[in-house]
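I opened this notebook to record what I looked up in one structure. The entries follow the order of my searches.

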Amino acid sequence: MATLTTPPTAVTDPPAAGSSPSVAEPQKVDYMNLPCPIPYEEIHREALMSLKPELFEGMRFDFTKGLNQKFSLSHSVMMGPTEIPSQSSETIKIPTAHYEFGANFIDPKVFIFSLKLFFAFTCWLHSRMGALFVLWQLMLFGRVLTDGRLNARLKCDLTENLTLKGNAQLTHEPHMSHGMFNFDYKGLDYRTQLQLGNGALLGASYIQSVSPHLSLGGEVFWAGQHRKSGIGYAARYNTDKMVATGQVASTGMVALSYVQKVSDKVSLASDFMYNYMSRDVTASFGYDYILRQCRLRGKIDSNGCVAALLEERLNMGLNFILSAEIDHRKKDYKFGFGLTVGE
């Protein structure tokens, strides 16, 4: 007679006394290896891309021709109305036309120094390092307009971490010419900047990463010509999907901004500006939409101003630009179109 047999059952060891089910441990943060933050003056750059597009009125034509790998020339023609200051609430415009000639020089170089040529300290380094490779880049930009204005910009990487920036504007109008030099230093998890300008202008800023996503910073400035000084603080929190910033200064300015990255090609932005001395408040909302052949940016603010900028790529090195802005409060309407030739 057949006997019934039961299948063998798996035997598991009972959990040890005091043990708990395995739980994924949170990733530990290495505070000695935090990312380097962006410069203090650029903490709102994602929001400004959507909320502050380069709008214009009238006609604009830009042509850039590269003479070689380092040197290029640019020509720009602008025709359209220009606003002039007025005591009344109405906007007064006069027709103007300008031609701008520009020259650009970009020279990346690699220099190899034998450290034996330096002083005792560098000789000591040479015994351990050999030759020192210093990579630096020099960029010069100049613009001159038919109304007599001259603009110049300079950027030079003195070392791998230290950068010199300069900009100047010369004009025949009294007290309108200015110049400024910036020294930017990039550390492992911090950035600092020193500013020197005409009119006894001195400024300094510092921003530090305190976590993988959060950075805090501050700035001070002194305008000796106007006998004014100020101090400010800022915070920036960014992830792969969003960027939030906050800034406050003793001049009365409070600025908040938020950018949400919906996708790789679409982002939404908003900001809030408040001056607790003049009691001025402005809030705005903007978008940035990148298509295959064009880019569309626009905004609307609490003052009743609506603006949009469309950049259409017609062909390689050929772009068509449309700009529009409507200010319902001032009843001011602006429209512009342009063409850009060259890269």
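**Entry 1: aromatic pairs.** I note at the outset that this is a predicted model. I searched the whole structure for aromatic pairs, and the search returned two. I then looked at Y185 and Y190, whose ring centres lie 6.3 Å apart. The planes of these two rings stand at 35°, and the pair is therefore tilted; planes would have to be under 30 degrees apart to count as stacked, or over 60 to count as edge-to-face. I recorded both values, since a pair of aromatic rings is described by the distance of the centres and the angle of the planes.

**Entry 2: surroundings of the pair.** I asked how accessible Y185 and Y190 are. Y185 has a relative accessible area of 34% and is partly exposed. Y190 is partly exposed as well, at 25% relative accessibility. I also found that Y185 and Y190 belong to one aromatic cluster together with Y206.

**Entry 3: charges over rings.** Which rings have the charged end of an arginine over them? I found the charged end of R60 over the ring of F56, at 5.2 Å from the ring centre. I found the charged end of R153 over the ring of F141, with 4.6 Å to the centre of that ring.

**Entry 4: positive phi.** I looked up backbone angles next, because most residues other than glycine have a negative phi. H175 is not a glycine, yet its phi is positive, at about 65°. I located H175 in the loop between β6 (162-170) and β7 (178-186). With a relative accessible area of 79%, H175 is exposed.

A200, also a residue other than glycine, has a positive phi near 55°. I placed A200 in the loop between β8 (190-197) and β9 (201-209). Its relative accessible area is 44%, and A200 is partly exposed.

**Entry 5: T171.** I returned to the loop between β6 and β7, where T171 is found. Is T171 buried or exposed? At 15% relative accessibility, T171 is buried, because the cut-off for buried is under 20%. I noted that a polar atom of the T171 side chain lies 3.4 Å from the backbone nitrogen of E173. I then set aside the neighbours of T171 within four places in sequence and listed its contacts: G148, R149, M176 and S177.

Technical notes. Residues are numbered from 1 along each chain as its sequence is written. This is a predicted model: local features need pLDDT of at least 70, side-chain atom pairs count only at pLDDT 80 or more; totals for chains, interfaces and linings use all residues. Side-chain values use heavy atoms; hydrogens and water are left out. Rings of Phe, Tyr and Trp (its six-membered ring) pair if their centres lie within 6.5 Å; planes under 30 degrees apart count as stacked, over 60 as edge-to-face and the rest as tilted. Buried means under 20% relative accessible area, exposed over 50%, partly exposed in between (1.4 Å probe, protein chains only). A charge sits over a ring if NZ of Lys or CZ of Arg is within 6 Å of the ring centre and within 35 degrees of the ring normal. Helices (H or I, at least four residues) and strands (E, at least two) are DSSP runs, numbered from the N terminus. A polar contact is a pair of N or O atoms within 3.5 Å; within protein, one must be able to donate a hydrogen and the other to accept it, and residues adjacent in sequence count only if both atoms are side-chain atoms. Contact means heavy atoms within 4.5 Å.
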